[in-house]
Amino acid sequence: MNSRQVLVFGDGRHELGDQLDQPLAHNQLPALPRLIHRLLTEPAGTTYTCRYSKDVPRIHGRKHRYAKKVTWAIVEARRNDFDAVVIVIDRDRRAEKETTQPLREGRDSCLISGRPPCAVGCAVETFDAWMIADGKAIGKAGGDSSKSHPKPESLDGKEEKGKHPKDVAADIFGEKRGLSKKYAVVAENVDLPSLEKACPKGFKPFAEEVREKILHPISN
């Protein structure tokens, strides 16, 4: 059995949990790496190390800051013997040229032999959107399944105004903080094909990235 290590960057604790900078096995995973593990068809022996994207050091240069973050993350992964890198950010009502585009530009600039493959993604508007679409998964996490949202990416208003994924998640789970364990349960049980349909701008292209960019290197 080949052991593989994946370095995962995300924006917040709800998707990454509180065990950062340490390899986590399949039964320890918070929401984001749990989704990745499932998209990779749950390869045995694979571990996931989580870090906040905000903690990536500032890099001088003329590229967009997200392009530079991805470049640094890939170099860091190579330096520390990771087999793949995954980076997910929240769109937060920004344009594609400020989010997805520079992420991919940074990734594509590092397509050099010997560097680990990288998959990038952008949740619309936040990662919480991926956690509120599937009523059955919500119910298994202790949330109100009747309040699931069929089109989470339509929640593009400001936070605290009711039309935001975080507001809907708070209503579903009865709280706004400390959702990492509940999100992990949702991520374990959510129907992935249905989630791709519910979140065609965010989750679907991310799922395709993971399968296209890192599935083969990790599973072989």
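**View 1. Phenylalanine 203, a buried ring.** At 0% relative accessibility, phenylalanine 203 counts as buried (under 20% relative accessible area, with exposed over 50% and partly exposed in between, using a 1.4 Å probe and protein chains only). This is a predicted model, where local features need pLDDT of at least 70, side-chain atom pairs count only at pLDDT 80 or more, and totals for chains, interfaces and linings use all residues. Residues are numbered from 1 along each chain as its sequence is written, and side-chain values use heavy atoms, leaving out hydrogens and water.

**View 2. Tryptophan 130 stacked with phenylalanine 206.** Here the two rings form a stacked aromatic pair, 5.5 Å centre to centre with 25° between the planes. For the terms: rings of Phe, Tyr and Trp (its six-membered ring) pair if their centres lie within 6.5 Å, and planes under 30 degrees apart are stacked, over 60 edge-to-face, the rest tilted. Tryptophan 130 sits in the loop between S4 and H5 and phenylalanine 206 in helix H9, 76 residues apart, so distant parts of the chain get linked (helices, H or I, are DSSP runs of at least four residues, strands, E, of at least two, numbered from the N terminus). Phenylalanine 206 is buried too, at 1% relative accessibility.

**View 3. The ring cluster.** Ring pairs join Phe127, Trp130, Phe173, Tyr183, Phe203 and Phe206 into a cluster.

**View 4. Arginine 65 over tyrosine 66.** Arginine 65 lies over the face of tyrosine 66, 4.5 Å from the ring centre. That label requires NZ of Lys or CZ of Arg within 6 Å of the ring centre and within 35 degrees of the ring normal.
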